[in-house]
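Q: Please walk me through how to read the features of a model like this one. I'd like the general idea each time, then the actual case.

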Amino acid sequence: GLQRATGEYICFVDSDDYVNEYMFEKLYLSCIQSDLDLAMCKISLFDDETGEVNNDLDYYNLKVFSNLDKEVFNSDDTTSFTNNIVVNVYNKLYKKSLLDDNSIEFPANLIFEDEVFFIKTYLTAKRISVVNEFLYYYRLNREGSITYLEKENNYVDMVYIYKKEREIFKELGKYDEYKVLLANRMLFLILARYTQTSPKFKENYYNVLKEDLKEVLADEEIMNNLSLNVRTRVLKIIESENYEEFEKIDQFKIFSIAVICNNAEYYLDMGINSILNQHFSFESNIQLILINNNSTDGTDSICTKYSKLYPENIVYVKMDEKKDLESLQKEALKYAKGEYNIVLNEPYK
């Protein structure tokens, strides 16, 4: 697309998404009125199964910019939260000359390529602004989409993406300024993707990551400033002799949290996500046991979705008939492996 583009500005749209009819006009007007290199808008999440539109996720609604007191800015104004800005390429309008003059392109043969493209674009843009409107609609749960279909997942490219991002920061003379923030964000994502990687690819993932960590963690400033949720699991990797040893110690969880689900479709996503987003590292420290008490709503599909995303952390038990609370709690304890156990009967409250 970049090689064939002849326009003064360029925008990307995923083939299963859609955009507001005024999106390009509003982004373009923002660019020409303020002489921008880059303009971005907010993203709505559209669920293809339910038809619901969600504007409440901070990552996609650009909440990180809410306290910025400049209408036109650049990366020097956002150092504290640059690594929290949505990296997806599709909610942005780019000045083509910015990409050409800085030789910005997508890395070949790697997934998560948006990460690299965004970082170099954002760090080199001199004038950036946000159009505070939801103009792009990202479609979720489309049957037949790549992310929707079950497949063998190999996410080791995330390690290579992190290496390329470090190279970009160094090339632009900004690495020392960002290295701790970058390490915390990228290692969190890398560890999360390790959990989601299919078993047949995990040993290679472990070996590639461990080798890269030798370079990253040689910097004592990074090592001493890793967040708790990252540091806990990283130490398991660098201190283990091999993949088999790491897998053994990585299976240990401090907490087993059982969630009893009784027709909880409306609240369940929120409840589960509140556990996934615990600062004390879900992947490293938490076993989640979902007990579906023969619900008749969409509880089963929600539990199934999360158990597939986190197969090493989540146990899903679907009861064939309604049980009383005491029986459900006993059922949950059969699967609990943590040092401490917590049972949530109505987590949404």
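**Reading the features one by one**

Q: Asn 109 is found in the loop between α2 (96-101) and α3 (113-124). Which is Asn 109, buried or exposed?

A: First, the ground rules: this is a predicted model, where local features need pLDDT of at least 70 and side-chain atom pairs count only at pLDDT 80 or more, while totals for chains, interfaces and linings use all residues. Residues are numbered from 1 along each chain as its sequence is written, and side-chain values use heavy atoms, leaving out hydrogens and water. Helices (H or I, at least four residues) and strands (E, at least two) are DSSP runs, numbered from the N terminus. Buried means under 20% relative accessible area, exposed over 50%, and partly exposed in between (1.4 Å probe, protein chains only). Asn 109 counts as exposed because its relative accessibility is 78%.

Q: What about the backbone there: what is phi of Asn 109 near?

A: Phi of Asn 109 is near 60°, a positive value in a residue other than glycine. Asp 35 has a positive phi too, about 50°, and is not a glycine either. Asp 35 is found in the loop between α1 and β3 (38-47). With a relative accessible area of 46%, Asp 35 is partly exposed.

Q: Which loop holds Ile 85, and is Ile 85 buried or exposed?

A: Ile 85 is found in the loop between β4 (53-54) and β5 (92-95). At 1% relative accessibility, Ile 85 counts as buried. For a distance check, the C-alpha atoms of Ile 85 and Ala 108 are separated by 23 Å, and the two are 23 residues apart along the chain.

Q: How do I read a helix pair, and at what angle do α5 and α8 pack?

A: Two packed helices are described by the angle between their axes and the distance between the axes. Axes are lines fitted to C-alpha atoms, for helices over the stretch in contact, with angles from 0 to 180 degrees between N-to-C directions. Here α5 (residues 175-196) and α8 (residues 228-239) pack at an angle of about 60°, their axes 10 Å apart. That makes α5 oblique to α8 (under 35 degrees is roughly parallel, over 145 roughly antiparallel, 65 to 115 roughly perpendicular, the rest oblique).

Q: On to charges: how many salt bridges are there?

A: A salt bridge puts a side-chain nitrogen of Lys or Arg within 4 Å of a carboxyl oxygen of Asp or Glu. By this rule the count comes to 25. One is Glu 115 with Arg 185, the closest N and O atoms being 2.9 Å apart. Glu 115 lies in helix α3 and Arg 185 in helix α5, so the pair ties together parts that are 70 residues apart in sequence. Both Glu 115 and Arg 185 are buried.

Q: Which helices does the Arg 166 and Glu 215 pair link?

A: The side chains of Arg 166 and Glu 215 meet in a salt bridge (3.4 Å, N to O). The pair links distant parts of the chain, 49 residues apart: Arg 166 is in helix α4 (residues 157-171) and Glu 215 in helix α6 (residues 199-216). Arg 166 counts as buried at 2% relative accessibility, while Glu 215 counts as partly exposed at 40%. Both belong to a network of salt bridges that links Lys 163, Arg 166, Lys 170, Asp 212 and Glu 215.

Q: Where does Asp 250 lie?

A: Asp 250 forms a salt bridge with Arg 233, the closest N and O atoms being 2.8 Å apart. Asp 250 lies in helix α9 (residues 243-250) and Arg 233 in helix α8, so the pair ties together parts that are 17 residues apart in sequence. Asp 250 and Arg 233 are both buried.
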